[in-house]
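Q: Hi! Could you walk me through this fold?
A: Happy to, let's bring it up.
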Amino acid sequence: MINIVIFGAPGAGKGTQANLLAERYDFLHISTGDLLRQEVRMQTTVGQRVKAIMDRGDLVGDDIVVSLLDRALRQRSTHPDPDSQEDPWDVERKGKPHRPEGCIIDGFPRTVQQAQTLEFIFNKLNRKINLIVAIDVPRDELVRRIHERATISGRSDDTEEVIRHRLDLYDEQTQPVLDYYRVSGRLTTIDGSGEISGTNGRICQVIDSLIVR
Ligand code: ADP
């Protein structure tokens, strides 16, 4: 069981890489951005509260994001009852055992406070975050990629002004999370410029070395 946080600025490709890794290693993939966008799409109470915040490119409050994450860690793990005391990741469903090899979290943590909360959540689950993969991409390439994506993503937060704000917030609030993880020795920085497959290969090398050990 290996639990990974994938980390990177908007446009770094963390969602793309997280999808590829989830597929290859049979990880649960939890994206806080996707969870929030789903709430907006479904027009839930939470969705209505967060839509304007996301459209501005601001961070959604910890209470909301943490509860979505907590729920996803329990429910997506195949267990029907989120309050059950059983290990949610080792439960058989419809006679077919599903034991994911771990999980990959993208979009969380974005602040040092969220990083501390994540440790707490995982301690409660008797699990630990083994690896933090930071995908490093130069700023001008990030901007170019998000502009490209904006034409096809239809994301309401992919406009010029909001993109700049999201990148600034990343520098101010999220970059310090890397220092938090660096001191714990679990941080690996990967060159994320260039092709998707190249970045993916570099991340897989790191994960494979952990799995073999
Ligand atoms: P990106 O990395 O391109 O900004 P995400 O899909 O990770 O895209 O996030 C989109 C938006 O969702 C963020 O700008 C923010 O408003 C909200 N969001 C996602 N994750 C978090 C989080 N951990 N804390 C607060 N807000 C979040």
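Q: Which order do the strands of the open sheet follow?
A: The five strands of this open sheet are ordered β2-β5-β1-β6-β7, with parallel pairing. Strands are DSSP runs of E with at least two residues, helices are runs of H or I with at least four, and both are numbered from the N terminus. Two strands pair if DSSP finds at least two bridges between them.
Q: Which are the edge strands?
A: β2 (27-31) and β7 (187-191), each pairing on one side only. From one strand to the next, the twist averages 20°. Axes are lines fitted to C-alpha atoms, for helices over the stretch in contact, and angles run from 0 to 180 degrees between N-to-C directions.
Q: Good. Before I go on, what kind of model is it?
A: It's a predicted model: local features need pLDDT of at least 70 and side-chain atom pairs count only at pLDDT 80 or more, while totals for chains, interfaces and linings use all residues. Residues are numbered from 1 along each chain as its sequence is written, and side-chain values use heavy atoms, leaving out hydrogens and water.
Q: How many bridges join β2 to β5?
A: Five, and β2 runs parallel to β5 (residues 102-106). Ile30 stands opposite Ile105 in β5.
Q: Which strands does α1 touch?
A: β1 (2-8), β2, β5 and β6 (131-136), as α1 packs on the sheet with its direction at about 160° to that of β2. Contact means heavy atoms within 4.5 Å.
Q: New topic: is Gln17 buried or exposed?
A: Buried (under 20% relative accessible area, 1.4 Å probe, protein chains only; exposed is over 50%, partly exposed in between), because Gln17 has a relative accessible area of 3%.
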